[in-house]
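Dear colleague,

I am handing over the structure below, together with an account of what was found in it. Please look it over first, and then read on.

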Amino acid sequence: MTEVTFYIRDVPVRGELILAPLSGYNDQPFRRICREMGAALVATGLLSSRAIIYNWEGQRSKRMLRFHPDERPLVAQLYGSEPEEIAKAAQRIAPLGIDVIDLNLGCAKAKIVKNGNGAALLQHPAKIGRIIAALTRTVELPITAKIRLGWEAHNYLEVARVLAANGAAAIAVHGRTAAQGFQGAADWDAIAEIKSAVDLPVLASGDVKEVADIARIQAHTGCDGVMIGRAALGHPWIFQRRDRADIPP
């Protein structure tokens, strides 16, 4: 068995490469393919806390949470903006056998942020603290968060410290603000600052497009793991550290 690379609290992660939570893509077949190719950790797409609470029988959330044992450790990623609501949703899904619950603080899509969810919460660090505290009080699973560097202005160190102070077990960092979307270069220096500021595993994300970028972002940030999203679409072989040009038809 592969040696443990790092722990998310008490959950062992056996490898450095992580599949990012990609809404609309991270269904069970794709997650299993990425695990087979070498991803050490995979996540569901975005799960609405409100839908889990009020439309559980509508099946969509249930379908998104179906998984095969060979996907574990599996992360379920929730979004929402109310501490009690998110905690109640986490309580509902925790018994399903998932390993980690992640709070999405990074999605900048209009349909998510318009209701104060996702990256919009980066404007309210104190509220983030209340959500993480509510989650850690309510469920026994490790709680993590995926963030950006801020909404428009950078406040990533404040957010990271709030997460750590309220019981988060790991932080994934996309090196851009919400306002940037996917434009411009990812700020790996900022990810390195977060890694130095908190005593938690930090997963680095942003501008990992080919195999050589994996070692570059690790050396630059000191991160514990590398989260890969768009570069894995249509190319799960990146988790085998193989570039697209190396894959024959």
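Grid points are joined across faces, edges and corners, and a volume is the space filled by probe spheres set on the points. This is a predicted model, in which local features need pLDDT of at least 70 and side-chain atom pairs count only at pLDDT 80 or more, while totals for chains, interfaces and linings use all residues. Residues are numbered from 1 along each chain as its sequence is written, and side-chain values use heavy atoms, with hydrogens and water left out.

The lining of the second largest pocket consists of 16 residues, and Leu-46, Ser-48, Arg-60, Met-64 and Tyr-79 are those nearest its centre; lining residues have an atom within 4 Å of a point. Two or more of these residues come from each of strand E4, helix H3 (60–64) and helix H5 (110–113), where helices (H or I, at least four residues) and strands (E, at least two) are DSSP runs numbered from the N terminus. By class, this lining has six nonpolar, seven polar and three charged residues, with Ala, Val, Leu, Ile, Met, Phe, Trp, Tyr, Cys and Pro counted as nonpolar, Asp, Glu, Lys and Arg as charged, and the others, Gly among them, as polar.

The largest pocket holds about 610 Å³ of space. Its lining is made up of 28 residues, with Pro-21, Leu-22, Lys-146, Phe-182 and Arg-230 nearest the centre, and it divides into 13 nonpolar, nine polar and six charged residues.

Turning to the sheet, eight strands form an open sheet in the order E3-E10-E9-E8-E7-E6-E5-E4, with parallel pairing; two strands pair if DSSP finds at least two bridges between them. Strand E3 (17–19) and strand E4 (42–48) are the edge strands, each pairing on one side only, and the twist averages 25° from one strand to the next. Helix H4 (residues 83–93) packs on this sheet, touching strand E5 (74–79) and strand E6 (100–105), and its direction makes about 150° with that of E5. Contact here means heavy atoms within 4.5 Å, and axes are lines fitted to C-alpha atoms, for helices over the stretch in contact, with angles running from 0 to 180 degrees between N-to-C directions.

Within the sheet, E3 and E10 pair over three bridges, with Ile-18 partnered by Met-227. Three bridges also join E9 to E10, where Leu-203 has Gly-225 as its partner. Strand E10 (residues 225–228) is covered on both faces, as Gly-225 and Met-227 on one side and Val-226 and Ile-228 on the other are all buried, that is, under 20% relative accessible area with a 1.4 Å probe, protein chains only (exposed is over 50%, partly exposed in between).

With best regards

Definitions and conventions: On a 1 Å grid over the protein atoms alone, a cavity is a set of points where a 1.4 Å probe fits but cannot get out, and a pocket is an open set with protein on both sides within 12 Å along at least five of seven lines; lining residues have an atom within 4 Å of a point.
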